[in-house]
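Subject: Handover of a structure, with findings

Dear colleague,

Please find the sequence and structure below, which I am handing over to you. My notes on what was found follow, grouped by region.

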Amino acid sequence: MSKDAVDTAKAAAARTDAARTPADAGDAGYSKDLKPRHVNMIAIGGAIGTGLFLGAGGRLHSAGPALAIAYLVCGTFAFFVVRALGELVLYRPSSGSFVSYAREFLGEKGAYVAGWMYFLNWSTTGIADITAIALYTHYWSFFTDIPQWVLALIALAVVLAVNLISVKIFGEMEFWFAIIKVATLVSFMLVGIFLLATHHDVDGQKPGLSVITDHGGLLPHGLMPVVLVMQGVIFAYAALELVGVAAGETAEPEKVVPRAVNSIMWRVGLFYVGSVVLLALLLPGSVYSADESPFVTVLSKIGVSGAGDVMNLVVLTAAMSSLNSGLYSTGRILRSMATAGSAPKFTARMNRSQVPYGGILLTCAVCVLGVGLNYLMPDQAFEIVLNVASLGIISTWVIIMICHLVFVRRAKAGLVTRPSFRLLGSPVTETVTILFLLAVLGLMWNDPEVGRKTLLLIPVIAALLVGGWFAVRRRVSKAADEELSGLTK
């Protein structure tokens, strides 16, 4: 049965019975319990995570103050991606998000690649998160003697238990996680501005532009380190597309999504660029470390008793939030794939609370492998999985932009209708974004320690995807025939 025939039948069914027939079979059964405040704060939480709280320290050390420019550039392209996804969401909200749109605009093979690369992204991001949690916990001497892998396992078990309760509990947790992150960042920025305004000593020197000019300027180590950190900066924005997944479980996506997406740009400017500029003005980049949050470093240096402990607790919360979001999103994506036949059947299962626990457990299983990585290579675990996760998020964003290109082309042909909330500048915006993302991927080759080895994984991942497709293609074809049969009855 051809894909065009399936698309035609779906469109016809949507026109005649849209209220009762979901466009994606994987959307059926969800509770729609996420409130507007949940989705808004999920968007904020996606913009503030482990990549800023932990990753910025090591990147400031290697790239210097120009890291702020890298965050601004990557943040702009990240906004383009989320804006494109937001337009697709308003066209047809779906918990399957971009996987569902890839199925509609690129066919089942496109959905298959999109879904499994997103799974790769979040399963490895989950490993990065539990690694970060273990590193944060080791900040306190009480936990120093506990092996890193044990702390990682405990964190995974706690977040898994919470995620399986209900989507309402997930939304509430993310709401308060985001409140804590935003309040803490705002408080830190106020402290940083006060230190600058009063010329208060920080680690024995006056903060200000002299901190940058006296230590090599914007590019103390040249341009190449700034270029090399780009894939890590992209990772920092990796959860922004979570808005598209969450929209499938809210009652009024047409009201919530535009507001959440439009606010992302100023969040990027304020929280990422603003924070990095302040960090660079307060201490030289050489003082920061990949082993400690840069915010903890600053607060510890100014001698405020307990300030470092408070900030460390907050960044620990951020890592828990990211892990929680990863389990949530992959559970929904895998369920959409399972109903189409391209993921294991058990990932489509839902519990009594309407939570797709099968997909969540599969992601959790991969994270357990990360516990082993923390046991074998505790010093390199975070950077290794960060680079692998970058492969997943870059491929996901490229697929989102390709879907949007096809969507706009069909809209011009009169086959679909674009909502009023749109990505401007199509098709130039999508094309430039795709080229930028592919360039960032290529730049990883200049990092022989981790980046080059990560790129060498691409043929392996491609081979696994091809082999997996041949294993599931009959099941996918059967599911498409059954769906077409149901739509045409």
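**Findings**

Asp 201 counts as partly exposed, because its relative accessibility is 37%; the term covers values between buried (under 20% relative accessible area) and exposed (over 50%), with a 1.4 Å probe and protein chains only. Please note that the model is predicted, so that local features need a pLDDT of at least 70 and side-chain atom pairs count only at pLDDT 80 or more, whereas totals for chains, interfaces and linings use all residues. Residues are numbered from 1 along each chain as its sequence is written, and side-chain values use heavy atoms, with hydrogens and water left out.

Salt bridges

The whole structure was searched for salt bridges, and four were found; such a bridge is a side-chain nitrogen of Lys or Arg within 4 Å of a carboxyl oxygen of Asp or Glu. One of them joins Asp 201 to Lys 206, with 3.2 Å between the closest N and O atoms. Lys 206 is likewise partly exposed, at 49% relative accessibility.

Another pairs Glu 87 with Arg 418, whose closest N and O atoms are 2.5 Å apart. Glu 87 belongs to helix α5 and Arg 418 to the loop between α19 and α20, so this bridge ties together parts that are 331 residues apart in sequence. Helices (H or I, at least four residues) and strands (E, at least two) are DSSP runs, numbered from the N terminus. Glu 87 is buried, at 0% relative accessibility, and Arg 418 is buried at 18%.

A further bridge links Arg 103 and Glu 108, with the closest N and O atoms 3.3 Å apart. Both Arg 103 and Glu 108 are buried.

Helices α5 and α20

Helix α5 spans residues 67-91, and α20 spans residues 428-443. Their axes come within 10 Å and cross at roughly 130°; axes are lines fitted to C-alpha atoms, for helices over the stretch in contact, and angles run from 0 to 180 degrees between N-to-C directions. The two helices are therefore oblique to each other, given that angles under 35 degrees count as roughly parallel, over 145 as roughly antiparallel, 65 to 115 as roughly perpendicular and the rest as oblique.

In the loop between α19 (381-412) and α20 lies Pro 427.

The loop between α9 and α10

His 199 is not a glycine, yet has a positive phi of about 55°; His 199 is partly exposed, at 46% relative accessibility. Asp 203 is found in the loop between α9 and α10 as well, and its phi is also positive, near 55°, in a residue other than glycine. The relative accessible area of Asp 203 is 40%, which means that Asp 203 is partly exposed.

A buried tyrosine

Tyr 101 sits in helix α6 (residues 97-106) and is buried, at 0% relative accessibility. Tyr 101 and Phe 407 are 306 residues apart in sequence, while their C-alpha atoms are 9.0 Å apart in space.

Yours sincerely
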